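Open the model in your viewer and keep the selection tool ready. This tour goes from one selection to the next and says what is there.

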Amino acid sequence: MRYRFVLLLALILTSAGCKMLFGPDKTGEFRLSSEKTLDDAYYLFGYSYEDSEFYRYPFEKDPTPDIINEGTRVLQGDETIELVSFNTPGQSNGFALVGEFTTLEDAEDFYKDYKRVEDDLQFAVGSDTVEAYQVWIQQTSASNYVKLLVKEANSLEGEEGNKYSEALLDYTYQPNGSKDFPN
């Protein structure tokens, strides 16, 4: 009997994963790209904090992600480049910039010390252009808070000359709606 219980528990953990038992990842790192992928139509990959997964957007068979990098095209000299810009596909709440720094070390210190979402923040569905060493707060469509540290923000060009951007982000997710981030 005991053997069957252990086997059943192992199967549940293997098939459903630890997220079912312990909830979403509260911290992590991910890379968010504005590069579009073609299937039947073009889509981006966005990130869901609650599921700790990337989802195609817009794509009717995938859940709506919490954040995408929609990219902003700008003219730089004689060349067009794409800069990182966040958007929340749920079209509610959004992003507020809380810090800009000249070094990653200063940005990391601020990010670690930022423990509570301020009451007077103004959230926008789409961000301005995003740069390295910034700290953003996101309020998701489920009214949960995320703090984001932008470690890298790059303008890139694909093999066929397509312009896109990528951001490397650290995040801390507060899945219960509290304005306080865990230590």
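Is Glu-82 buried or exposed? Select Glu-82 and show the surface: the residue is buried, because its relative accessible area is 3% and buried means under 20%. Keep in mind that this is a predicted model.

**Stop 1**

Side chains of opposite charge can pair when their charged atoms come close. Arg-73 is partly exposed, at 49% relative accessibility, whereas Glu-82 is buried.

**Stop 2: a three-stranded sheet**

Switch to the cartoon view and select strands E5, E8 and E10. They form an open sheet in the order E5-E8-E10, with antiparallel pairing. Its edge strands are E5 (68–69) and E10 (126–129), each of which pairs on one side only.

Now zoom in on E5 and E8, the latter covering residues 85–87. Two bridges hold this antiparallel pairing.

**Stop 3: Arg-31 and Glu-166**

Return to side chains and select Arg-31 together with Glu-166. A salt bridge joins them, at 3.7 Å from N to O. Arg-31 lies in strand E1 (residues 27–33) and Glu-166 in strand E13 (residues 163–174), so the pair links distant parts of the chain, 135 residues apart.

Which of the two is buried, and which is partly exposed? Glu-166 is the buried one, with a relative accessible area of 17%. Arg-31 counts as partly exposed, at 36%.

**Stop 4: Asp-119 and Lys-179**

Next, select Asp-119 and Lys-179. Their side chains also meet in a salt bridge, with 2.9 Å from N to O. This pair again links distant parts of the chain: Asp-119 sits in the loop between helix H3 (104–113) and E10, while Lys-179 is in the segment after E13, 60 residues apart.

Colour both by accessibility. Asp-119 counts as exposed because its relative accessibility is 64% and the cut-off for exposed is over 50%. Lys-179 is partly exposed, with a relative accessible area of 22%.

**Stop 5: a network**

Finally, select Glu-29, Lys-151 and Asp-170 together. Salt bridges with shared partners join these residues into one network. To continue on your own, look for others: a search of the whole structure finds ten salt bridges.

Notes. Residues are numbered from 1 along each chain as its sequence is written. This is a predicted model: local features need pLDDT of at least 70, side-chain atom pairs count only at pLDDT 80 or more; totals for chains, interfaces and linings use all residues. Side-chain values use heavy atoms; hydrogens and water are left out. Two strands pair if DSSP finds at least two bridges between them. Helices (H or I, at least four residues) and strands (E, at least two) are DSSP runs, numbered from the N terminus. A salt bridge is a side-chain nitrogen of Lys or Arg within 4 Å of a carboxyl oxygen of Asp or Glu. Buried means under 20% relative accessible area, exposed over 50%, partly exposed in between (1.4 Å probe, protein chains only).
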